[in-house]
Amino acid sequence: MRDCKLIRESLSGWLDGQLGTSDAEIIRLHLESCASCDGERRQLEKLQSSLKSLLVSNVPRIAFEPFWAGVRERITKKRSWHEEIMEWARSTFAAPGLAWTVPAVIVVLLGVFALDSFWKLGSQRNNFAAVESIDAHGRNVALLREDETKTTVIWLYQNQEGEDESSGENTETSPSF
Amino acid sequence: MESSDWELVQKCQAGEIGAFQELVSRYHQKIYVVIVGLLRNREDALEVAQETFFRAYRKIKSFQGGSSFYTWLYRIAVNMAIDSQRRQKRNPLEFRETMDGLFEEQNEVARDPFSDVHDRELREKLVASINDLTPEHKAVIILRTVEGLSYKDIGEILGCSEGTVMSRLHYARKKLQEKLGAFL
Amino acid sequence: MSLLGRILKRALLFSCLICLAGAYSVNAAENNSQTVRVKIGTILANNQSDEIDPKLNTMKNQLKVMKYRSYRLLKEETQNVAWQGNAVFEIPGGRSLTVTPQEFRNKQLALKVRLQHGDKPVVDTTVRMNNGGNFLLGGPPHEGGALVLSISATVQ
């Protein structure tokens, strides 16, 4: 039974004369002794003959001169610029596989941009923060921006005149920026 | 002595449109028959066949002779037919459409091999079954049945291996057998 | 459809899917998030040594603008707070920091921040920043140096 399965899978090639000599001989011998596979062969032959009748015999002959006139008209016809571009694009992206290459490239590029944004966020490379309003209640305040990470720093200076919030603490002077 | 395809191609590449005309005369019927088999519509097939030769003319300078001219031409034809098929919105029309002036022997009454009822039903079922195949499976059936091309040539035309051609043919024929069932 | 048409169709489809996914994620974040995670790092900056706390390695570049020689992480605290809600953090030296997330728009968070010493306000500020980003609020004196508060917020 296993043999019959393999034989039937090769029947197409055998009928078309596309198998090597030794394989063809194996199949011929099997068909002589196996009625079931031989039946399959007869069905395939009938299918082939029906197909040939349908596809070949019923197709009319076309006259050459009018056909050539149609081809020549296309050759001599001046094409618009966008037709030329479409033709160029069609020939450039000829391989069917490229049909998926272009969208895949777009997806990869989008992914890279997204990752790049994510990376920047994660590493705080563009750590944007804008101070919309600030009320230091009479204190001096400095707004600074760190260059590399663009980090915003709000620095509060000690209150010189009013209440001394640092009383009791050993303080150092403000940092140098 | 008749020029070979390659000699004619070289003349085309040098700008001789007469050489291209000769190539068209050699292959226009073959290309048309293959495309009719794929599209099942004569009007569309004629259009696509003419477009095939036009495309071949535009690309003739890129043909290096690595494959035979006819496999190169068939490749263009099959790709254009498959593209056209995907664009097609209408169903396949009946087989007997004609176009004035383009079909020879219109008045000759050819013997219809599907003349009796049983064979007519078989033909209708065959047409429907072929149309149910994918374009790639239809192409292998057409190229093998119509042109009797070798698996190697079919593989070159379709851009696949001989093994793939054999397995596609096996699959396509199996599908047709299943659909045709008792008719065969 | 021609091969080029198929390419363009697939490219458009992919791009639309990506854009939709992106827009959805942004929209989801902007419209449907319920809470904001607020993280406060309390850092002591001084010149008493040349050491930078290893836990602050990721913030080295941010801190260097203040030109102290030493930075030490005193504590880190995280709270989840609803929009317009108050997250209150205890800050050394009898201080407290109140963070109130205001809104999330165009991928940016607006936070209202109040630092007070006891019940006296020291500074009130509203800052708009990237989601997940941070800013520094420094200056209050502490233990011979100054406190630097790293305030970060992420929409949940």
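**A strand residue, then a helical chain**

A: Let's start with Val148(C), which lies in strand β8 (residues 145-155) of chain C; helices (H or I, at least four residues) and strands (E, at least two) are DSSP runs, numbered from the N terminus. This is a predicted model, in which local features need pLDDT of at least 70, side-chain atom pairs count only at pLDDT 80 or more, and totals for chains, interfaces and linings use all residues. Residues are numbered from 1 along each chain as its sequence is written, while chains are lettered from A and ligands numbered from 1 in the order in which they are written.

Val148(C) is buried, because 28 other C-beta atoms lie within 10 Å (buried means 20 or more such atoms, exposed 12 or fewer, partly exposed in between, with C-beta atoms placed from the backbone). Leaving aside residues up to four places away in sequence, Val148(C) touches Ile43(C), Ala45(C), Met66(C), Leu136(C) and Gly138(C) (contact means C-beta atoms, placed from the backbone, within 7 Å). Gly138(C) is 10 residues away from Val148(C) in sequence, yet their C-alpha atoms are 4.0 Å apart.

Now over to chain B. Of the 184 residues in chain B, 39% are buried. Among its contacts between residues at least 6 apart in sequence, 66% join residues at least 24 apart.

After α7(B) comes Gly159(B), with a positive phi near 70°.

Helix α4(B) also meets α2(B): residues including Tyr27(B), Ile31(B) and Leu38(B) in α2(B) face a group in α4(B) that includes Tyr70(B), Leu73(B) and Ala77(B).

A word on confidence: chain B has a mean pLDDT of 81, with 82% of its residues at 70 or more (pLDDT is the predictor's confidence in each residue, from 0 to 100). Over residues 91-111 of chain B, though, the pLDDT is below 50, and this stretch has 28 contacts in the model beyond near neighbours in sequence. Where pLDDT is low, the predicted coordinates should not be read in detail.

Note on methods: Two residues are in contact if their C-beta atoms, placed from the backbone, lie within 7 Å.
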